[in-house]
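These are my notes from one sitting with the model.

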Amino acid sequence: MNIPETLSYTKDHEWVRFDDDGRAVVGITEYAQHSLGDIVYVELPRIGTRIEAGETAATVESVKAVSDVYSPIAGTINNVNEELNDTPELINEDAYKAWIVKLSDWEPAQLLSAAEYAALLEKES
Amino acid sequence: MEARKTPLYERHVAAGGRIVAFAGYLLPVQYEGVLAEHAAVRASVGLFDVSHMGEVMIEGPRAAEFVERLITNTLDGMRDGQVRYSPMCYESGGVVDDLLIYRLGPERYLLVVNASNRDKDYAFMRENNPMGASLSDISDSIAQLAVQGPRSAAVLERLTGAELLPERYYTFREDVPVAGIRCLVSRTGYTGEDGFELYCPAQRGAELWDALLAAGADEGIRPCGLGARDTLRLEAGMPLYGHELGPEITPLMAGLTHFVRFDKPDFIGRDALLAQKAAGPQRRRAGIVLTDRGIAREGARIFSGEREVGVVTSGTQSPTLRQAVALSLVEPPLHKPGAAVKVEVRGRMLEARTVRLPFYKRNTQPSE
C-alpha cells in the first residue's frame, strides 16, 4: 500500500500536506479509497468555513457506503477540489493527487508520520 | 450465530472477493469493484453466487392447495416448467417473504425464499399446513448460481445444448446437463437483464462456477458480488425484503398489487388486504430521482413542503443512469410519477421528483 513519506496522516485515514504557500492540503489515503470502493459522490464544504480538528470537512460516498472526511487540523476552508464534483473517481485513481480541501490559518496538531501510519495499518489488517 | 459458508466460499476468497456476513452467510460484496461488475451485467454477462437463497420442496396430493393458501398470487393456469413470483403474507397483510414458485409437477412445487427469512418462512409454512403437505427445507443441499446479462445465453450454450435451455422468461427446465452437471435451469433473475439461475447439488457448485467462468471468458464474464446485485435490482425497481417489503409493509403498499389475486377464494392475509385496498394504503412505493447533487440512502426522510410524507427504503447512485435514485414509501398521491418532493440528507433538503419504475429497462426482452 502506497504511503508517501512526505505527507502526514491521521488514524482515520486522512493525509495532510503542508505547502510552501502556507496552506494545508487534505485528502484520504490509498487505504481509505480502497476500503470504500468505487467513489461516486463527494460533498465539499463551503469556502470560508472555519473548521475544528476532527470535524467533518467533506463526505465521500461509494456505491454502498458513506464516509466522513475529518479535518486533521483546525483551519479555514480556503479552497475545495471542484474537479471531484464531476469526477469523484479521481480519488480512486490517485488518492494522494486528488486532494479534497485546502486549509488556511491552520493550527498545528499531533499527526502521524508515514512510518507511524504504516504501523497502524499493519495493526488493523 | 456464526456466519455460514456457501459451497463457493473458497472460490470467492481465491478470486479476491471482499467477504462480508450477509443474511448469515459469508459472501463477497465485490471483487474488483461494484461499478465494473454492474457494467459487465448490463453490457455482457456476470456470474453470482446466490447459494444463500433458501429452497423448500412442497409435495403431496394437497401441495397445490397448501401453496395456494400461502401465496397472494395464484397457481391458476400454471403448467409444469413455469415459475411465478408471489408475496407470502401474514393475516395482517404484512409480508412474511417474497418468493419464486417452481411447478415441478401437479403435486410438486419448489419455493425459493430469501436467505434472511429461511427459518422464519419454514416455521410459518409448517404452522399453516392443515393440508398435511410434505415440506422439506433442502437449502443446504443446493448451490445456486446466477448467470445474468445479455450474453448469458451465449455462455450457457457453450456448456449445454441450446435446445435444452428454457426459452421464455419465467420458465425452467430440470435435469439440464451444464458442463456435465445436472442443473435445474431457470430463466429468471434479479438484475433487470435476460439471464438464468442454475440450481445444482451443493458439492458440484464450485465445479459449475469454474466451468461458467471459463465458458464466459470470451464474453468478458465477471464474478459479481452483493454490491452489484443490489445496484442492479434497484435500477430494475425490484423489491428487497427488509427494505421495500416487511411485516409492516403490505404488497399493496409495495406496488405489488398485480401479484395479489383477490379473485381467488382464500389466502392468508386476504381480509386485511381487501380492507386496505378499500381504505387505500397510507403509504405507497415510489421511485425517486434526485435533481440536486447528493445521494439519498435508506432511512432518509421525504418531505412535501414542510410536511414529512415518507421515507427512502433503498437508495444509491445508479451506475447506469449516473444519477441518484431511490425506492421509497410515500403518502399517496405523491407516489404518482412527477411529484416534486424533498429528501433530507445530512440536514440538507435535496430536490427530488417521483418517476415511473423501473429506473432502467433493457431494450430487448426475452418473450414472456
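Is Thr316(B) buried or exposed, and why? I counted 24 C-beta neighbours inside 10 Å, so Thr316(B) counts as buried. The cut-offs I used: a residue is buried with 20 or more other C-beta atoms within 10 Å of its own, exposed with 12 or fewer, and partly exposed in between, the C-beta atoms being placed from the backbone.

Ground rules. This is a predicted model, in which local features need pLDDT of at least 70, side-chain atom pairs count only at pLDDT 80 or more, and totals for chains, interfaces and linings use all residues. Residues are numbered from 1 along each chain as its sequence is written, while chains are lettered from A and ligands numbered from 1 in the order in which they are written.

Confidence. I noted an ipTM of 0.88 and a pTM of 0.95 for the model. Chain B has a mean pLDDT of 97, with 98% of its residues at 70 or more; pLDDT is the predictor's confidence in each residue, from 0 to 100.

Surroundings of Thr316(B). I found Thr316(B) in strand β17 (residues 307-318) of chain B. Helices (H or I, at least four residues) and strands (E, at least two) are DSSP runs numbered from the N terminus. Setting aside neighbours within four places in sequence, I listed the contacts of Thr316(B) as Val63(A), Thr231(B), Leu234(B), Ile295(B) and Val325(B). A contact here is two C-beta atoms, placed from the backbone, within 7 Å. I also checked Glu235(B): its C-alpha atom is 9.3 Å from that of Thr316(B), though the two residues are 81 apart along the chain.

Helix α7(B). Thr231(B), Leu234(B) and Glu235(B) are among the buried residues of α7(B). Ten of the ten residues of this helix are buried, so α7(B) is largely enclosed by the rest of the structure. Just after α7(B), I read a positive phi of about 70° at Gly237(B).

Domains of chain B. I have domain 1 as 4-50 + 140-235 and domain 2 as 282-368; the bounds come from an automatic or database domain assignment. Their C-alpha centres lie 29 Å apart. Across the boundary, 14 residues of domain 1 of chain B are in contact with 15 residues of domain 2 of chain B. On the domain 1 side, α2 (34-43) and α7 (226-235) of chain B are the elements giving two or more residues. The most come from α2(B), with four residues. I sorted the residues of that side into five nonpolar, three polar and six charged. The classes are Ala, Val, Leu, Ile, Met, Phe, Trp, Tyr, Cys and Pro as nonpolar, Asp, Glu, Lys and Arg as charged, and the others, Gly among them, as polar.

Helix α2(B). I found α2(B) mostly covered, with seven of its ten residues buried. Including Val34(B), His38(B) and Arg42(B), these buried residues pack against β3 (25-30), β4, β10, β14 and α7 of chain B.

Sheet in chain B. I traced an open, mixed sheet of six strands in the order β11-β12-β13-β10-β4-β14. Strands pair if DSSP finds at least two bridges between them. The edges are β11 (172-178) and β14 (222-224) of chain B, each pairing on one side only. Between β11(B) and β12 (residues 181-186) of chain B I counted five bridges, antiparallel, with Phe172(B) opposite Ser186(B).

Chain A. Strands β3 (residues 24-28) and β9 (residues 101-104) of chain A pair antiparallel over three bridges. Strand β8 (residues 75-80) of chain A is also antiparallel to β9(A), over four bridges. I looked at Leu103(A) in β9(A): Ala24(A) is one bridge partner, and Ile77(A) stands opposite Leu103(A) as well.

Chain A against chain B. I have ten residues of chain A in contact with 14 residues of chain B. On the chain A side, β4 (39-43) and β6 (56-62) of chain A each supply at least two residues. The largest share, three residues, comes from β4(A). The chain A side divides into four nonpolar, two polar and four charged residues.
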